[in-house]
Amino acid sequence: MSEPLESDASLLVVVLDINTSAWSTSPLPLDKALQQIIIFINGYLALKPENKLVVLASNKRECRCLYPVDHTSATPDQDIQVYEQFRVVDASILAGVKNMIINTEPPNANQGIEEAQSLIARALSKALCHIHRVTESTLSKIWPRILVLSAAEDSPREYIALMNSIFAAQKMSVLIDICKIIGRDSVFLQQAAEISGGNYLKVDTARGESLLQTLLFTCLADHYTREILYFPGNEQIDFRATCFCHKKVVDIGFVCSVCLSIFCRPAPVCSTCQTKFSIKLVKTESALSSSSALTSNGKQMLAASEMSAFSLEDEKTATAGK
Ligand SMILES: [Zn+2]
Ligand SMILES: [Zn+2]
């Protein structure tokens with residue numbers, strides 16, 4: 001892959017998480033946050049006339065593209081004081097967000113997704129599709145990146161889809177920046193930023209940290225500028241995986257040697273690819289786990305699980321999860 005040049009244009013896909021349950025707990029209201037995000041987007045467009053923009057919004061139930069939109073559907077008010085492109089972008093984003101919040105769909109549309117979780121995996125897949133289309137149709141070199149403005153909690157059900165999107169982004173050389181505005185750190189999105197080479201930023205608005213300042217200082221830099229800048233690093237990233245069986249974050253996992261599915265306990269048959277494992281080995285593991293569980297010694301139980309994880313690995317050349 002060629003090196004980025006100063007004259008190269010960028011393609012930015014902004015993923016807005018507008019989960020209303022998450023935003024209702026935020027010290028920074030959604031409308032104020034949107035104002036700051038729009039200033040950042042206008043700043044990005046003003047940097048280079050060739051810069052391209054896509055804005056997606058996601059909540060618990062759906063993921064929509066807010067910009068670019070069909071011009072016939074959006075009829076923003078005429079305001080000659082504002083630069084035409086800014087006016088169209090601003091009006092499309094505000095109208096789209098308003099529409100999504102007003103539109104209430106049946107609550108059981110997405111089973112398994114909790115009220116305070118959003119469809120981020122779906123938004124990332126859509127973002128990658130947009131990036132593929134734009135990069136294929138643009139003659140000159142364009143450098144793509146994604147910025148996720150995350151508000152909701154991680155959705156363990158989305159883990160597999162999310163990891164697939166992250167690895168697809170890595171393969172396409174798409175940076176994923178994460179700006180966590182509300183709540184606890186996101187384990188999945190930290191991994192997304194780390195794997196794709198982007199930044200993971202947490203903005204604590206309750207402690208007076210400014211969202212706009214963070215966005216302008218860190219997320220505005222293009223691929224060329226990033227090579228000469230120092231970014232705030234992430235020393236502590238939680239790389240734990242989620243088991244495919246119960247969708248729970250696990251400390252020690254068992255990995256199928258055929259399809260790399262992760263499980264929290266060893267099973268005779270992989271539920272993903274139906275591969276059969278050595279029954280003797282699985283039995284040994286169960287016996288070990290139950291005997292050490294009886295001693296109620298946490299350390300011993302951990303060691304037993306670790307030992308069997310390795311013996312499984314030896315037998316089936318599997319790799320034990322983190
Ligand atoms: Zn499990
Ligand atoms: Zn498998």
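Analyst: The backbone oxygen of arginine 133 lies 3.0 Å from a polar atom of the side chain of serine 137, which falls under a polar contact (a pair of N or O atoms within 3.5 Å; within protein, one must be able to donate a hydrogen and the other to accept it, and residues adjacent in sequence count only if both atoms are side-chain atoms). This is a predicted model, in which local features need pLDDT of at least 70 and side-chain atom pairs count only at pLDDT 80 or more, whereas totals for chains, interfaces and linings use all residues. Residues are numbered from 1 along each chain as its sequence is written, chains are lettered from A and ligands numbered from 1 in the order in which they are written, and side-chain values use heavy atoms, with hydrogens and water left out.

Serine 137 belongs to helix H4, where helices (H or I, at least four residues) and strands (E, at least two) are DSSP runs numbered from the N terminus. With a relative accessible area of 56%, serine 137 is exposed; the scale used here calls a residue buried under 20% relative accessible area, exposed over 50% and partly exposed in between (1.4 Å probe, protein chains only).

Helix H4, residues 120-137, packs with H5 at an angle of about 25 degrees, their axes being 8 Å apart; axes are lines fitted to C-alpha atoms, for helices over the stretch in contact, and angles run from 0 to 180 degrees between N-to-C directions. H4 is therefore roughly parallel to H5, given that angles under 35 degrees count as roughly parallel, over 145 as roughly antiparallel, 65 to 115 as roughly perpendicular and the rest as oblique. H4 passes H5 in a left-handed crossing, the term for a near helix turned anticlockwise from the far one by less than a right angle, with clockwise giving right-handed. On the H4 side the contact (heavy atoms within 4.5 Å) is made by Ile120, Ala121, Leu124, Ser125 and Leu128, and on the H5 side by Ala161, Leu162, Ser165, Ala168 and Ala169. Sorted by class, these residues are eight nonpolar, two polar and no charged, where Ala, Val, Leu, Ile, Met, Phe, Trp, Tyr, Cys and Pro count as nonpolar, Asp, Glu, Lys and Arg as charged, and the others, Gly among them, as polar.

H4 and H5 are also among the neighbours of helix H6, whose buried residues pack against H4, strand S4 (142-150), H5, S5, strand S6 (200-202) and strand S7 (241-242). H6 spans residues 187-196 and is mostly covered, with eight of its 10 residues buried, namely Val187, Phe188, Leu189, Gln190, Gln191, Ala192, Ala193 and Ser196. Glycine 197, which comes just after H6, takes a positive phi of about 90 degrees. Serine 173, in the loop between helix H5 (159-171) and strand S5 (175-180), has a phi near 60 degrees, a positive value in a residue other than glycine. With a relative accessible area of 29%, serine 173 is partly exposed.

Threonine 214 is found in helix H7, and its side chain reaches the backbone oxygen of serine 210 at 2.8 Å. Whereas serine 137 is exposed, threonine 214 is buried, with a relative accessible area of 18%. Leaving aside residues up to four places away in sequence, threonine 214 touches Leu201, Val203 and Cys219.

Of the contacts with a separation of 6 or more, 67% join residues 24 or more positions apart.
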